[in-house]
Amino acid sequence: MTNTRHKILVVDDLPDWRATLGGLLEDAGYDVQVAESSIAALTLLKTDHFDLAVLDMRLDETDESNIEGLDLAAEIKEHWPAIKVIIITAYSTTDTTRRAMEPDAQGRRLVANYIPKTQTEELVNIVQEVLVQ
Amino acid sequence: MKSRILIIDDEPRWIEFAKSDLNKFEIVVAPDTKAALAELEADQFDLVIASSRRLDVLEIIAQKYSDRRVVVTTVQPTTQEALAAYRLGARRYFAKSFGHQDLFEHIKEVIPAAGAG
């Protein structure tokens, strides 16, 4: 069992993915809450404490640019800077990778890590790494 | 004093272009991993510009010289390579292009005191 004190918010619009990602993290010993949208995630963030958030990049089927998760990451960085954020996506491009992972002039990234959904098996290891950074 | 840049690359046309485009900086070239590690061990650099074929050097920089700033250049950007470069600490990842000031534009926000020299 991993550290059960860490609380993780998983945000994905697809029920199967919420169950998969949440299940992987719960099996690893984390305290997990799930949300299906940015609005639901923000409600939880305002009322609860989280150490880390795993955000799907495409949070709505109508989100043709596939970046709503990046917008939510920016909001978390602004209002809850202590929460580490990991983006997970089935729609990875060089541009979205750059937007998520390229450091700003001060060397700060929007997110701590970025995982293509084809590499979901890396999630628990990356969560462990990010939580000790 | 000029800022110092280490270029890890073995492509003659790119090296020639980089020396010209970054002529306000002191440029040192290492054609391979072994030469790059020797330069990093011997000297301080304000920026490392590494070919994406030398991501092995980024792993070592991340472990031994984590204060060094690194950007990665590539001939053909891919999402997988971009992610690998950023995870290894790259400040920028971009395609090589040979227009006037193209390279300088990519590094100017990354190298300290880019306007000086």
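Two strands are taken to pair if DSSP finds at least two bridges between them. On that basis, in this predicted model, A:I8 stands opposite A:L52 in strand β3 of chain A. The two strands concerned, β1 (residues 7-11) and β3 (residues 52-56) of chain A, pair in the parallel sense over 4 bridges.

This pairing belongs to an open sheet of chain A, in which 5 strands follow one another in the order β2-β1-β3-β4-β5 with parallel pairing. The edges of the sheet are formed by β2 (31-35) and β5 (113-116) of chain A, each of which pairs on one side only. Neighbouring strands of the sheet are turned against each other by 20 degrees on average, direction ignored. Helix α2 (residues 38-47) of chain A lies across β1 and β2 of that chain, and its course makes about 140 degrees with β2(A).

Chain A as a whole contains 5 helices and 5 strands, and its elements, read from the N terminus on, run β-α-β-α-β-α-β-α-β-α. The radius of gyration of chain A is 13 Å, close to the 14 Å that the globule rule gives for 133 residues, so chain A is as compact as a globular protein of that length. The C-alpha trace of chain A spans about 35 × 35 × 30 Å along its principal axes.

Within chain A, helix α1 (residues 15-27) packs with helix α5 (residues 123-132) at an angle of about 60 degrees, the two axes being 10 Å apart. The contact is made by A:L21, A:L24 and A:L25 on the side of α1(A), and by A:L123, A:V124 and A:V127 on the side of α5(A). By class, this contact of α1(A) with α5(A) has 6 nonpolar residues, with no polar and no charged ones.

Chain B likewise has 5 helices and 5 strands, and from the N terminus on its elements run β-α-β-α-β-α-β-α-β-α. Its radius of gyration is 13 Å, close to the 13 Å that the globule rule gives for 117 residues, so chain B is as compact as a globular protein of that length. Along its principal axes, the C-alpha trace of chain B spans about 30 × 30 × 25 Å.

The 5 strands of chain B form an open sheet in the order β2-β1-β3-β4-β5, and the pairing is parallel. Its edge strands are β2 (26-30) and β5 (92-95) of chain B, each pairing on one side only, and the twist from one strand to the next averages 20 degrees. Inside this sheet, β1 (residues 4-8) and β3 (residues 47-51) of chain B pair in the parallel sense over 4 bridges, and B:I7 has B:I49 as its bridge partner in β3(B). Helix α1 (residues 12-21) of chain B packs on the sheet, where it touches β1, β2 and β3 of chain B, and its direction makes about 165 degrees with that of β2(B). Helix α3 (residues 55-64) of chain B lies across β1, β3 and β4 (70-74) of chain B and runs at about 150 degrees to β3(B).

Between the chains, 10 residues of chain B are in contact with 10 residues of chain A. On the side of chain B that touches chain A, α4 and β5 of chain B each supply at least two residues, and the largest share, 4 residues, comes from α4(B). The residues of this side of chain B divide into 5 nonpolar, 2 polar and 3 charged.

Helix packing also links the two chains, in that helix α4 (residues 94-101) of chain A and helix α4 (residues 79-87) of chain B pack at an angle of about 15 degrees, with their axes 8 Å apart. The two helices α4(A) and α4(B) are therefore roughly parallel to each other, and α4(A) passes α4(B) in a right-handed crossing. The residues in contact are A:T94, A:T97, A:R98 and A:M101 of α4(A), together with B:T79, B:A82, B:L83 and B:Y86 of α4(B). These residues divide into 4 nonpolar, 3 polar and 1 charged.

Methods:
Residues are numbered from 1 along each chain as its sequence is written. Chains are lettered from A and ligands numbered from 1 in the order in which they are written. This is a predicted model: local features need pLDDT of at least 70, side-chain atom pairs count only at pLDDT 80 or more; totals for chains, interfaces and linings use all residues. Axes are lines fitted to C-alpha atoms, for helices over the stretch in contact, and angles run from 0 to 180 degrees between N-to-C directions. Angles under 35 degrees count as roughly parallel, over 145 as roughly antiparallel, 65 to 115 as roughly perpendicular and the rest as oblique. A crossing is left-handed if the near helix is turned anticlockwise from the far one by less than a right angle, and right-handed if clockwise. Two residues are in contact if their C-beta atoms, placed from the backbone, lie within 7 Å. Ala, Val, Leu, Ile, Met, Phe, Trp, Tyr, Cys and Pro count as nonpolar, Asp, Glu, Lys and Arg as charged, and the others, Gly among them, as polar. The radius of gyration is taken over C-alpha atoms; the globule rule is 2.2 Å times the number of residues to the power 0.38.
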